[in-house]
Amino acid sequence: MFREALSALDSARRLQSFDGVSVALTGRSLKSSRRTTSSDFVKYEDKVAEGDTVIVYVGYNVMHAVEVHHGRSLTMKYGTLKHEYIIGKAYGTRIRATAGFVYILRPTSALWTKTLPRRTQILYTPDVALILTLLDVRPGSVICESGTGSGSLSHAIAMAVFPNGHLYTHDINETRVKCVEQEFKDHGLENNTTAVHANACEDGFFVENACDGVFLDLPEPWNAVGYAKRAMSRQRGGRVVSFSPCIEQVQRVHEELEKLGFVQIQTVELVPRTLKIVENESVTLEQFDANSTPTGARDAKRAADDDEPTSAKRPKLEIEKRITTTVSTSSNPVIPFPVQQPTHTGYLTSATLLPKAV
Ligand SMILES: C[S@@+](CC[C@H](N)C(=O)[O-])C[C@H]1O[C@@H](n2cnc3c(N)ncnc32)[C@H](O)[C@@H]1O
């Protein structure tokens, strides 16, 4: 029953990409079939068009993903912004809202991760970046993923495999599958993605002997490792990566990977720390002295500018040089920002399936 449903879905997908025109399987009509001058997550026009998804950048860590339509408005920290003021503007433009300024940015996978509608816990950009590398995702790769969750990682993979690769993403929760499927359509990623409603630990993956990498973000990933191996290309081999918050999950995944013949099994924990460069306003003793007494730097400068003989100027110029050196080493220090302890998100376990010798 599951296989039949999947193969019907697969045929529908193949037909969709065959003539290059997308047809909605569920929900609203598709961007790619309704407009030709619009931008999406992989197609760039200079100016914002009706129906585009844009990122309204309000400030550090405050931004909103908005699908712009005439007659609608966004209410946020800086008041209200009518979408019609955004439509027709170049990406990157600074726009006045009723109580401040915002910037209109193109969506990237990192900005989408910051602004997407949360349906589950999500993977954040530092983990996403490392996962793409560990999985060796590149344009043309075929990747399987489970679970889809809110589609944070799914968007990054779909954009990375574009234009001719494919992401098969699986979730046990049908509503989440439908939501991400609609988002892929809205974001121009429908021809490179298939969202599948399936239990990865019982039904396995949509493809067999076909993909280059499998990513697992599941409560019991060890139960999906056998299916992951089955999904991977025997001829090309590939990579599997599993994300788990607990070390006990990591241990069980390791055991299973080893049992099934995977090699290069490694686990890393990524603990990112954001740093900020700030201007140091502290004053050195020499500066203080220079600014508060007639001797010191100002005096040295004055002496350097007049016509005194070189031998008379030298000691004062040395004072000036020493001050400059002191200032430049103490300015622009680096501090952790925001000032807080970086938190643990999870462990990433990766392994390689070697190609089968012929
Ligand atoms: C933490 S979320 C994944 C978040 C996702 N990586 C992201 O970045 O947005 C875990 C997802 O796994 C799904 N899930 C749990 N068990 C599953 C299973 N056996 N098969 C498929 N999906 C499953 C859940 O429904 C949930 O949506």
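Predicted model: local features only at pLDDT ≥ 70, side-chain atom pairs only at ≥ 80, totals over all residues.
The peptide bond leading from serine 146 to glycine 147 is cis, with omega near -10°. Gly147 also counts among the residues that come nearest to the ligand, together with Leu123, Gly149, Ser152 and Ile172. From there, the tour below takes in the ligand shell, the sheet, the helices and a few backbone details.

**Around the ligand**
- The ligand has 23 residues around it.
- By class, that shell holds eight nonpolar, twelve polar and three charged residues.
- Helix α5 and strand β8 each contribute at least two residues to the shell.

**The sheet**
- Seven strands make up an open sheet with mixed pairing, in the order β9-β8-β7-β10-β11-β15-β12.
- The edges are taken by β9 (193–197) and β12 (263–269); each has a single partner strand, so one side of each is left without a neighbour in the sheet.
- From one strand to the next, the twist averages 15°.
- Within this sheet, β7 (residues 142–146) pairs with β10 (residues 213–216) in the parallel sense, over four bridges.
- Glutamate 145 has phenylalanine 215 in β10 as its bridge partner.

**Helices across the sheet**
- Helix α4 (residues 125–134) lies across β10, β11 (238–244) and β15 (347–353), and runs at about 10° to β15.
- Helix α5 (residues 152–161) lies across β7, β8 (166–171), β9 and β10, and runs at about 165° to β8.

**How α4 meets α5**
- Two packed helices are described by the angle and the distance between their axes.
- Here, the axes of α4 and α5 come within 10 Å and cross at roughly 45°.
- That angle makes α4 oblique to α5.
- The crossing of the two helices is right-handed.
- On the α4 side the contact is made by Val128, Ile131 and Leu132, and on the α5 side by Ser152, Leu153, Ala156 and Ala160.
- Sorted by class, the contact of α4 with α5 has six nonpolar residues, one polar residue and no charged ones.
- Ser152 of α5 takes part in this contact, and Ser152 is also one of the residues that come nearest to the ligand.

**Backbone details to look at**
- A cis peptide bond also links phenylalanine 162 to proline 163, with omega near 10°.
- Proline 163 is placed in the loop between α5 and β8.
- Asparagine 209, in the loop between β9 and β10, has a phi near 50°, which is a positive value in a residue other than glycine.

Definitions and conventions:
Residues numbered from 1 in each chain as written. Pairing = 2+ DSSP bridges. Axes fitted to C-alpha atoms, helices over the stretch in contact; angles between N-to-C directions. Contact = placed C-beta atoms within 7 Å. Near = placed C-beta within 6 Å. Nonpolar A, V, L, I, M, F, W, Y, C, P; charged D, E, K, R; others polar. Parallel < 35°, antiparallel > 145°, perpendicular 65-115°, else oblique. Left-handed = near helix turned anticlockwise from the far one by under 90°.
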